[in-house]
Amino acid sequence: MRTSKMGMKNIKLSNLDEMYPAQDILMQTGQIKQYGSGVYAYDNIPLKVLDNIEEIIKKNFNKADYIEVQMPIIQLDEIWKRSGRYDQYLEEGVTMISKTDKGTYCLAPTAEEAITVFVENRITSHKQMPVGYYQIGPKFRNEIRNRGYLLRGKEFLMFDLYTFDKDEKSMIENYNKVKETYFKTFKEIGLDIVAVAADNGAMGGKNSEEIMALSKIGEDTILYDEQTNQGLNVEVLEKEDAENYLKENYNIENIKNLKEEKACELGHIFALGTKYSDSMDIKYIDDQNNRKPFYMGCYGIGVSRVLGLIYENNVIKENGNAVGYSLPISVTPYYLYIISNDKKMDIAEETYNKFLDRDIEVIIDDVKGSIGEKIRKAKILGIPYIAIMGNNTEDGFVEIERTKDGAKKTMRIDEMVDIIENMKNTKKDINLE
């Protein structure tokens, strides 16, 4: 991509949000555009980071044998009334509705009702289970507090998975399988997560765990066991039977061993039991030819939340001030930012075309300006590596710099192209020693 096509101006960062500097940089530089409280548009780079996060999620859950589908975003109020959640969600102000002359529609905040109707007359026998369906798409919730930019939006991108089993034992086996897939997925994305025991709330069901990343910008306080990677939300301690609940469901017997940490919620997993199949009267036929309710699980990941935290976790600071970020190799859409002075622009163009020939996405700064201005722009855009062709580099050579730590190395251009291609294929950082 060429910077001349981006419509991005040289902007001096000022008065950055102390809690969320990375997302404030996105706002100040126009990489995300706010249309109202909690409603955003995405420019090219954060959009492509979202795409890459989605692809990692899909790859891991496809490998785990779950099936991608797509539920409607607008859902008739009838199915929500059928489950008994319509009045509750309306009273709590969570659901946004649209009244038309053809009926009242809910803008989906989640999809338990829709997916339960989806399996009706589709999964009819115990022989068809276990099975799980997932989707990634927009959701809508009338969030009152929109502090945190992408971390708490009214419209947001969400991964949601729903499993169907014949009994509680199978449901818990599926639950543990999904949980394991979460850890694999987030490890590949580049975030360390903790499964945190939580209250099921309005969702209902048996087990419930929030998927959190330890972070100083987190809104939640958790108690965390470093040895088992298990945590609990302090809100659970308010339950009347908290001690038995933690021991029975999460094998937590002594909270004195747990360490208090701030954390950011990225997802939530629930073993729902028969709450929805009972309330909506959707059943299957068991091996005795009896109608039985499905045992369900539901699992979510706030994809746009993951995006926001990735940016916040990878801030670059100079003299104590945030100047940009360096995106992880696992999700960056562009691996390299090519910079040259005016005299070497032809060489920069040749190098850019070499990457295009190999189907490697990089950015070339083809706008006139100083080397310093272009380096600043590369950091604002979050590109992990910069290739500099200036007065101090011989023809045929380039200085490559890693933005997250400032490590540098001079090498031949052809060698650099090979190294970047290998980085793309392996998703591993370059050794610049």
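Which residues of strand β6 lie on its covered face, and which on its uncovered one? Let's take that strand now. This is a predicted model, where local features need pLDDT of at least 70, side-chain atom pairs count only at pLDDT 80 or more, and totals for chains, interfaces and linings use all residues. Residues are numbered from 1 along each chain as its sequence is written, and side-chain values use heavy atoms, with hydrogens and water left out.

Strand β6 covers residues 103-107. Its covered face holds Thr104 and Cys106. Gly103, Tyr105 and Leu107 sit on the uncovered face. Strands here are DSSP runs of E, at least two residues; helices are runs of H or I, at least four; both are numbered from the N terminus.

Now its partners. Two strands pair if DSSP finds at least two bridges between them. β5, residues 96-100, pairs with β6 antiparallel over five bridges. Lysine 99 faces threonine 104 there. Two residues lie between β5 and β6 in their hairpin. β4, residues 74-76, also runs antiparallel to β6, with three bridges. Glutamine 75 stands opposite cysteine 106.

Next, helix α2, residues 44-63. Its 20 residues reach 29 Å from first C-alpha to last, close to the 28 Å expected. That expected span is 1.5 Å times one less than the number of residues. Its buried residues (under 20% relative accessible area, 1.4 Å probe, protein chains only) include Ile45, Leu50, Ile53 and Phe61. Lys48, Glu54 and Lys58 are also among them. Just after α2, aspartate 65 has a positive phi of about 75°.

Conventions:
Buried < 20%, exposed > 50% of the residue type's maximum accessible area, 1.4 Å probe, protein only.
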